[in-house]
Amino acid sequence: MTLATLKASEKAVAALEGKGTIDLSEVTELDTAGAWLIAQARQRAAAGGRPIQLSGMTEGQALLIDTVEKAMPRPERKRRQIPGRPGDGLENMGKTVAAKARTAFKALGFFGLVVAHLLSLIIHPTRLRITALFYHMQDAGLNAVPIVSLMGFLIGIVLAFQGATQLQQFGAEVYVVDLVAISILRELGILLTAIIVAGRSASAFTAAIGSMKMREEIDAMRVLGLDPIDRLVLPRVLALVFLLPILGFIACMTGLIGGMLMAWIELSITPGMFQTRLLEGTDPVHAIIGLVKAPFFAVIIAVIGCHQGMQVEGNAESLGQHTSRSVVQAIFIVIVTDALFSIFFAVWGI
């Protein structure tokens, strides 16, 4: 019973399967293919409640059959659905919650690792890769200036137009300046900038690091004694920490320009009047509150993007899944963090 005679052996085993015993005394050759055939027949018979006994086999044949049987996958039992008890839906929900919790703990551990390396970098600043830092500052920061500026300008126009439409009903057109200024400086400017950077840079970080993970370049770095956190993660984190406040400031300024332009067109509020009302009615603390959030958003975006890149497996499908996952998670956590900031400032009356 070998691979060469497998077809004939299959017919012989099928004929003996119903008798409850298989005599191997005449079998002179037995390889893993023949042992698999016998093990499969015994598994089928056991599942049907009529076990098969083997006889006439040598010690080597018995050892080979036993080894193959232990290596064969066991058939899964189908669980009966008991009336009145939760079904698979509750189980799947529990598995999903557990998987999300594991992912959250992994991300939290990765964040702690990044913080530890940042503290170590303060003690040993020569470990920072200046070239990589400036490259990522240009790629993730300066190259995003056009889209961030356009976004801020359009948001300012939309706020001024919608505000003007509503405030004209009450003769309070001048307050459109306060509406645009406070909304953009305090919330929308930095929040929308962070969302754009999350969609633009978090995916880029995941794709770059994930591609290196697929090509086993990160494993090669570890073999050479190079720390991937120092070489790949820290330059990206610091680049966003330095550049996101600047991008947020640019978005706020262009938003004010867009609001001023629309107020001039729609409400005949000249740029001089707009500027005067802006300086008189808007507290600078609103701009400070908006820019204070920027470093926190930057760390969130960079850490999530790099962490998802580190989780990529050795195939393109995994790379695509983690790239899209990094964008969704970064935007979600940024919005949640902004809500927490709003609650904190409201509680303290700021």
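Helix H6 contains 23 residues and reaches 32 Å from its first C-alpha to its last, which is close to the 33 Å expected at 1.5 Å a residue. The structure described here is a predicted model. Within H6, the buried residues are Val148, Ser149, Met151, Gly152, Gly156, Leu159, Ala160, Gly163, Ala164 and Leu167. The cover over these buried residues of H6 includes H7 and H9.

Helix H3, made up of residues 59-71, gives a second case in which length can be checked. Its 13 residues should span 18 Å at 1.5 Å a residue, and the C-alpha atoms at its ends are 19 Å apart, so the two values agree. Gln61, Ile65, Val68 and Glu69 are buried in H3. Viewed down the helix axis, the buried residues of H3 fall within an arc of 100° and therefore line one face of the helix. The face of H3 turned away from the buried side carries the exposed residues Glu59, Leu63, Lys70 and Ala71. Helix H2 (32-47) and strand E2 (53-55) are among the elements that cover the buried residues of H3.

The largest nonpolar core comprises 45 residues, and those touching the most other members are Phe110, Val114, Val233, Leu240, Leu244, Ile301 and Val334. At least two residues of this core come from each of helices H4 (88-123), H5 (130-140), H6 (145-167), H7 (176-214), H8 (217-223), H9 (228-267), H11 (285-310) and H12 (316-347). The greatest contribution to this core is that of H9, with twelve residues.

When residues up to four places away in sequence are not counted, Val334 touches Leu191, Ala194, Phe297, Ile300 and Ile301. Ala330 lies in helix H12 and has a relative accessible area of 0%, so this residue is buried. With the same exclusion of residues up to four places away in sequence, Ala330 touches Ala198, Ala202, Ile300, Ile301 and Ile304. Ala330 and Ala198 are 132 residues apart in sequence, and their C-alpha atoms are 5.9 Å apart in space.

Val328 is also found in helix H12. Val328 counts as exposed because its relative accessibility is 56%, and the cut-off for exposed residues is over 50%. Between Val328 and Ala202 there is a separation of 126 residues in sequence and of 9.5 Å in space, C-alpha to C-alpha. Gln138, in helix H5, is partly exposed, with a relative accessible area of 45%. Gln138 and Thr5 are 133 residues apart in sequence, and the distance between their C-alpha atoms is 68 Å.

The largest pocket has a volume of about 730 Å³. Its lining consists of 21 residues, of which Thr103, Ala104, Ala107, Gln308 and Gln329 lie nearest the centre of the pocket. At least two lining residues are supplied by each of H4, H11 and H12. H4 gives the most to the lining of the largest pocket, with nine residues.

Most residues other than glycine have a negative phi. Glu216, although it is not a glycine, has a positive phi of about 60°. Glu216 is placed in the loop between H7 and H8, and its relative accessibility of 53% means that Glu216 counts as exposed. Ser268 likewise has a positive phi, near 60°, in a residue other than glycine. The place of Ser268 is in the loop between H9 and helix H10 (271-281). Ser268 counts as exposed because its relative accessibility is 54%.

Key: Residues are numbered from 1 along each chain as its sequence is written. This is a predicted model: local features need pLDDT of at least 70, side-chain atom pairs count only at pLDDT 80 or more; totals for chains, interfaces and linings use all residues. Side-chain values use heavy atoms; hydrogens and water are left out. A nonpolar core is a set of buried Ala, Val, Leu, Ile, Met, Phe, Trp, Tyr and Cys residues joined through side-chain atoms within 4.5 Å. Buried means under 20% relative accessible area, exposed over 50%, partly exposed in between (1.4 Å probe, protein chains only). Helices (H or I, at least four residues) and strands (E, at least two) are DSSP runs, numbered from the N terminus. Contact means heavy atoms within 4.5 Å. The expected span of a helix is 1.5 Å times one less than its number of residues. The arc is that of the directions from the helix axis to the C-beta atoms. On a 1 Å grid over the protein atoms alone, a cavity is a set of points where a 1.4 Å probe fits but cannot get out, and a pocket is an open set with protein on both sides within 12 Å along at least five of seven lines; lining residues have an atom within 4 Å of a point. Grid points are joined across faces, edges and corners, and a volume is the space filled by probe spheres set on the points.
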